[in-house]
Amino acid sequence: MIHLEADFYAGAEKAEHFPNTQFPEIAFSGRSNVGKSSLLNSIVNRKKLAYTSSTPGKTQMINFFLVDKRWMFADLPGFGYAAISKNKREEWVKMIFNYFEIRDQLKMVCCLVDSRHDPQKHDMALIEWLENNNKKFIVILTKCDKISKDKIKSRKEQLDYLLSNCKNVVEVLPYSSVFGIGRDQLQAIIKKQIND
Ligand code: GTP
Ligand code: MG
């Protein structure tokens, strides 16, 4: 595992507040409570850099983190967070897709999918949008410590099959933020995408 230095850089509730930086950027996206903030903390090996919570909807803006003074990680709010108004939910979705569209320095989107369940409507909508808009992405199967090895294998096969026609997918990677499963591979993939 490589040690990465990471610090909070900026938070943005709208596009005007996205930081005006040119560092290559990696974004973390997926349904509310899927484990985006936990994954971000696990790759930089910090417990509380990005705030996590057992209640969904913890991340309510795009949080930017400067990593090793040369990359940026963006922690996005979750899709489908039920406890806010429909308007606010739609605003978040708009902001997230607007971010994907305008952020030229974005090198790859990490799409987090809960390994315990079949991919849901929001998961597939995100993946389809990225594929159709030619954005590079990786699918990360989160919370793998909660299922058996056989189940991890069959979930990965299911996603590999669903994505077999996608040109923009880099990998389908089982992950656990608790045990560090997949962390070294993810670090290596991020490094490669950033340097490409
Ligand atoms: P929002 O910001 O609300 O969209 O959520 P998020 O996607 O950032 O999820 P977060 O990282 O806050 O994690 C949600 C819950 O899942 C927390 O209780 C975490 O402890 C738990 N969790 C996240 N990753 C893992 C994992 O790899 N294994 C296990 N067992 N629990 C996890
Ligand atoms: Mg979060």
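Are Phe28 and Phe73 buried or exposed? In this predicted model, both Phe28 and Phe73 are buried. A search for aromatic pairs finds 11 of them. One of these joins Phe28 to Phe73 in an edge-to-face arrangement, with 5.4 Å from centre to centre and 75° between the planes.

Other ring pairs build a cluster. Its members are Phe18, Phe64, Phe79, Phe97, Tyr99, Phe100 and Trp129.

Next comes helix α1, which spans residues 36-44. The helix is mostly covered, with 8 of its 9 residues buried. Those buried residues are Lys36, Ser37, Leu39, Leu40, Asn41, Ser42, Ile43 and Val44. After α1 comes Asn45, which has a positive phi near 55°.

The last stop is Asp114, a residue of strand β5 (residues 106-114). Asp114 counts as buried because its relative accessibility is 6%, and the cut-off for buried is under 20%. Leaving aside residues up to four places away in sequence, Asp114 touches Arg31, Val34, Thr142 and Lys143. The side chain of Asp114 also makes a polar contact with the side chain of Arg116, at 2.8 Å. Sequence distance and spatial distance can be set side by side for Asp114 and Cys144: they are 30 residues apart along the chain, and their C-alpha atoms are 8.3 Å apart in space.

Notes. Residues are numbered from 1 along each chain as its sequence is written. Chains are lettered from A and ligands numbered from 1 in the order in which they are written. This is a predicted model: local features need pLDDT of at least 70, side-chain atom pairs count only at pLDDT 80 or more; totals for chains, interfaces and linings use all residues. Side-chain values use heavy atoms; hydrogens and water are left out. Helices (H or I, at least four residues) and strands (E, at least two) are DSSP runs, numbered from the N terminus. Buried means under 20% relative accessible area, exposed over 50%, partly exposed in between (1.4 Å probe, protein chains only). Contact means heavy atoms within 4.5 Å. A polar contact is a pair of N or O atoms within 3.5 Å; within protein, one must be able to donate a hydrogen and the other to accept it, and residues adjacent in sequence count only if both atoms are side-chain atoms. Rings of Phe, Tyr and Trp (its six-membered ring) pair if their centres lie within 6.5 Å; planes under 30 degrees apart count as stacked, over 60 as edge-to-face and the rest as tilted.
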